[in-house]
Amino acid sequence: EGLGTFEDNDVFENESSGVVIRSGGNPTLRRNKVHHSKKNGIYVYMNGRGVLEDNEVYENKSDGISVKSNGDPVVSNNVVRDGRGKGIFVHEKGRGLFEGNDIASNASTGVTIATGADPILRRNKVTGNSGHGICVDKAQGLFEGNVVESNSGDGLHVRNGSTPEVRANEVR
């Protein structure tokens with residue numbers, strides 16, 4: 001299990017993802033800039049965990065933060081913006097707690113939860129994304145107290161086979 005604390009780093013122009021957390025890795029990433037990677041900004045999978053707080057994740061060629069395969073990070077107070085993919089993508093049985101993040105101006109959806117994922121999203125701001133604000137597709141999740149506004153697609157889009165719990169959000 002990889003641990004460690006990574007603070008105040010500039011992670012950029014990587015041939016793949018900027019940061020990868022996997023195989024039980026559980027580091028703390030704080031106040032980093034993760035940008036211009038050729039794939040995801042931050043990729044958490046294969047039982048990876050981690051605490052991601054106060055980071056700026058921007059202008060990556062794929063998703064800002066991608067979580068799958070039982071990845072289960074705590075993601076709080078980050079800015080995830082201007083990516084060419086989704087802002088946050090939790091899929092293939094990914095989990096995680098996403099709280100107090102600003103997810104804005106991404107080329108696809110702000111947040112997509114898909115294929116058996118079951119995260120918790122609380123008090124996030126999802127604005128100005130080119131697709132739906134939040135899309136839930138064959139997944140679950142708890143969505144509570146989020147502000148979802150000014151996205152190009154639907155504010156909240158729930159597809160067939162999904163059973164999210166949605167409470168006290170502001171969607172406009």
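I began with H91, which I found in the loop between strand 12 (88-90) and strand 13 (97-99); strands, like helices, are DSSP runs numbered from the N terminus, with at least two residues (E) for a strand and at least four (H or I) for a helix. Before going on I noted that this is a predicted model, in which local features need pLDDT of at least 70 and side-chain atom pairs count only at pLDDT 80 or more, while totals for chains, interfaces and linings use all residues. Residues are numbered from 1 along each chain as its sequence is written, and side-chain values use heavy atoms, with hydrogens and water left out.

Is H91 buried or exposed? I find that H91 counts as buried, at 8% relative accessibility (buried is under 20% relative accessible area, exposed over 50%, partly exposed in between, with a 1.4 Å probe and protein chains only). Setting aside neighbours within four places in sequence, I listed S66, V67, K68, S69, A114, T115 and A117 as the contacts of H91, where contact means heavy atoms within 4.5 Å.

Next I looked up the backbone. Most residues other than glycine have a negative phi. E13, however, has a positive phi, near 55 degrees; E13 sits in the loop between strand 2 (10-12) and strand 3 (19-21) and is exposed, with a relative accessible area of 57%. For N77 I read a positive phi near 60 degrees; N77 lies in the loop between strand 10 (74-76) and strand 11 (79-81) and is partly exposed at 44%.

An open sheet of 8 strands runs in the order 1-4-7-10-13-16-19-22, with parallel pairing (two strands pair if DSSP finds at least two bridges between them). Strand 1 (5-7) and strand 22 (165-167) are the edges, and each has a single partner strand, so one side of each lacks a neighbour in the sheet. Inside this order, strand 7 (residues 51-53) and strand 10 run parallel and are joined by 3 bridges, with V51 opposite V74.

Last, I checked the surface, where L156, V158, V166 and V171 make a nonpolar patch of about 280 Å². Patch residues have over 30% relative accessible area and no salt bridge, and nonpolar side chains (Val, Leu, Ile, Met, Phe, Trp, Tyr) are joined within 5 Å, like charges within 9 Å; a salt bridge is a side-chain nitrogen of Lys or Arg within 4 Å of a carboxyl oxygen of Asp or Glu. Areas come from the Shrake-Rupley method with a 1.4 Å probe. L156 belongs to strand 21 (residues 156-158) and is partly exposed at 31%.
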